Amino acid sequence: MKFIPLWILLLFAAAAQALTLVAPAPQPLAPLPQQAQVGRLIIEILQRYEYKTTAWDNALSERIFDRYLLALDPGRLYFLQTDIDAFASARGTLGAAVAHGNLQAPYAIFNVYQRRVAERLSYARELLKRDFTFEQHESYQYERAKEPWAKSEDELRDLWRRRVKNDWLTLKLAGKENTAIRAMLDARYSNSLARAYKFKSEDVFQVFMDSYATSVDPHTDYLGLRAAQEFDIEMRLSLVGVGAVIQQRDEYLTIRELVPGGPAALSAKLNIGDRLVAVGQGGAGPMTDVIGWRIDDVVALVRGAKGSLVRLDVLPAAAGPDGKPKRITLVRNKVNFEEQAAKKSLIRVKDGAKTRLVGVISLPTFYQDVDARGKGEKDFKSATRDVARLLDELKEDKVDAVLVDLRNDGGGLLDEAVQLTGLFIGKGPVVQERNSQGNVRVDSVDDKTPAWNGPLCVLINRGSASAAEIFAAAIQDYGRGIIIGEPSFGKGTVQSIVDLDQIAHNDKPKFGELKMTIAQFFRVNGDSTQLRGVTPDIPFPAVVAADADTVRESSFDNALPWAHIKGAAYAPAANLAGLLPQLKGRDVLRVAQDKDFQSLLAANSVSKLQRGAHAISLNEADRRKERGQREAQVHAQGSGKQKKTTKAEAAASNMTAKQDSGLIDELAEEKAQKNAKDVWLNESAHILSDQVGLLGLRKANAKVAPVAQ
């Protein structure tokens with residue numbers, strides 16, 4: 001008989017003493033033979049090649065343990081403190097156990113988790129047999145990641161009573177009748193319960209090994225076979241869907257990112273932080289409630305054939321849990337480089353009696369058709385080539401200045417960031433790269449003449465990362481232009497994909513892939529972009545977005561620290577520091593007088609207060625009052641969103657309208673949103689216009705300055 005540690009036997013004994021299940025207990029899961037080999041292989045690769053120096057000790061095991069529990073039960077809704085106590089003896093030994101091919105502990109923990117999920121959801125269904133009243137003054141705490149585990153069964157039952165009561169009140173405030181509410185919630189909990197019985201051994205291994213990898217470095221991930229296939233689809237940009245990246249947060253699947261050029265981004269209907277509530281196929285028919293669903297199951301519902309319709313019910317980012325979902329219909333399409341390519345636009349800025357023309361280049365990603373380049377095709381697609389062409393067009397338009405918009409540009413290919421920088425600096429080093437052995441490589445450009453040597457600004461925000469930060473940092477270090485906006489994301493590391501099947505010489509894919517950090521970026525001045533990102537020369541007031549604290553590198557508890565190395569030899573093009581006081585002064589004055597900006601800042605203040613609460617009232621009268629305040633906030637924020645429209649989007653909207661006449665009102669609202677002013681871009685253009693004027697004044701003064709005799 002195989003030896004089973006005493007703590008695991010005690011753990012199962014503790015689980016057996018829990019409340020009686022309405023549904024039968026799920027079958028325990030066990031590791032597959034090949035998974036021990038994969039675990040050992042991953043650890044060997046990380047120990048030899050990972051950039052970050054890691055002590056492979058008990059402290060790492062404790063981090064893995066905590067991250068694994070967080071991945072399983074982020075809202076602390078399932079485990080009891082007694083469960084955590086039963087797991088405690090494995091806390092400092094997980095790392096060593098996996099290195100020796102022993103996966104018993106993570107599977108034993110998962111089996112208790114699976115059992116607890118079944119228990120809690122069964123209890124939730126039982127609660128639906130009663131009627132709820134909403135006159136009492138009590139609340140439901142919906143953000144519990146930092147709360148202690150429930151100490152008793154009664155405490156956890158009360159938490160679930162409040163949770164179910166909140167779900168009920170949310171639907172009631174949305175206009176549902178009690179009979180419909182009971183049926184909807186029972187179906188929701190029943191679906192979640194059914195999924196609790198569908199976990200596979202591969203699911204456990206994926207969650208645990210990814211927790212293991214991210215405990216070493218936040219950008220190091222294990223990608224099991226299914227996850228690796230999904231990642232490869234994203235890298236090929238051949239996915240047919242809506243172009244939205246979703247993330248599991250509590251029971252909601254939340255929009256983490258909108259892929260530039262995808263149907264979701266082009267529609268201007270979805271926003272970062274929106275939460276998916278239900279998914280429907282085609283222009284009509286039933287909606288499938290997806291609250292509490294697995295993320296891969298929801299993705300499968302959202303994807304489909306090119307040109308087909310998918311309907312989404314989403315809870316807006318700024319709305320509370322009881323907010324009214326909005327219905328969105330999108331046409332599935334292929335997300336490709338053509339839609340994500342750099343684009344230009346023109347903004348006319350009045351400065352007294354003078355009007356200046358600002359050329360805007362919006363760059364959603366640093367892209368390149370690597371396959372075409374590898375085949376020797378001379379006209380392969382690349383961000384640098386497209387921007388160079390757009391700069392030529394802007395010169396023909398006789399623009400006075402160029403604004404490069406890198407908001408929400410998550411990066412891309414390093415070579416493109418380097419070459420594109422060369423369009424503005426001409427010649428010199430762009431970025432330094434240090435590997436795990438401490439060797440530093442300098443990436444440079446050797447263009448004889450810049451494609452644009454006139455006034456320049458770069459607009460960034462918290463979503464500007466990696467390659468976008470390399471470009472912005474180089475422009476700043478060379479004094480080539482002024483950086484405007486928010487501090488950037490702060491990702492200054494390089495990742496590489498390791499094919500585990502290739503290393504193991506497998507005939508067919510079965511081990512998956514390891515995405516690991518192998519190097520760190522440094523600016524030409526020697527500073528790292530890691531953690532701190534790029535600090536704007538002229539900062540805009542920060543506006544709170546959904547989960548703003550979780551969308552920067554600094555939010556990771558094990559992020560690589562900031563560092564400094566010797567700077568590269570480079571010659572700054574200019575020193576624009578002398579212009580900044582005047583530019584900032586004019587910016588502050590304009591923002592104070594701009595009604596759209598002030599509405600956005602006012603809404604921001606309300607959002608900060610609401611997001612600090614982490615709890616919501618279960619009193620109906622109070623909730624209606626809170627809901628009214630949030631709706632007013634959402635309306636105020638509407639004028640500050642960036643909206644774009646394209647021919648492709650208009651065609652998609654027309655196709656949708658023909659197939660679903662109920663979209664008329666929605667399309668009218670969408671059109672109004674698209675026409676809303678982008679206050680960020682507008683103010684950036686004004687700052688750039690001011691820069692043109694001040695530079696002209698500086699040159700004029702230099703010409704009439706006295707000459708020493």
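In this predicted model, six strands form an open sheet with mixed pairing, in the order β11-β12-β13-β16-β17-β20. Its edge strands are β11 (343-351) and β20 (538-539), each of which pairs on one side only. Strands of a sheet pair through backbone hydrogen bonds, either parallel or antiparallel. Strand β17 (residues 482-485) and β20 run parallel and are joined by two bridges. Gly 485 has Pro 539 in β20 as its bridge partner.

The description now turns to a pair of helices. Helix α16 (residues 414-425) packs against helix α17 (residues 467-477) at an angle of about 25°, and their axes lie 9 Å apart. Because angles under 35 degrees count as roughly parallel, α16 is roughly parallel to α17. The crossing of α16 past α17 is right-handed. On the α16 side, the contact is made by Leu 414, Ala 417, Leu 420, Thr 421, Phe 424 and Ile 425, which meet Ala 467, Ile 470, Phe 471, Ala 474 and Ile 475 in α17. Of the residues in this contact of α16 with α17, ten are nonpolar, one is polar and none is charged.

Val 387 and Leu 423 are separated by 36 residues in sequence, while their C-alpha atoms are 8.5 Å apart in space.

Conventions:
Residues numbered from 1 in each chain as written. Predicted model: local features only at pLDDT ≥ 70, side-chain atom pairs only at ≥ 80, totals over all residues. Heavy atoms only, no water. Axes fitted to C-alpha atoms, helices over the stretch in contact; angles between N-to-C directions. Helix = DSSP H or I, 4+ residues; strand = E, 2+ residues; numbered from the N terminus. Parallel < 35°, antiparallel > 145°, perpendicular 65-115°, else oblique. Left-handed = near helix turned anticlockwise from the far one by under 90°. Contact = heavy atoms within 4.5 Å. Nonpolar A, V, L, I, M, F, W, Y, C, P; charged D, E, K, R; others polar. Pairing = 2+ DSSP bridges.
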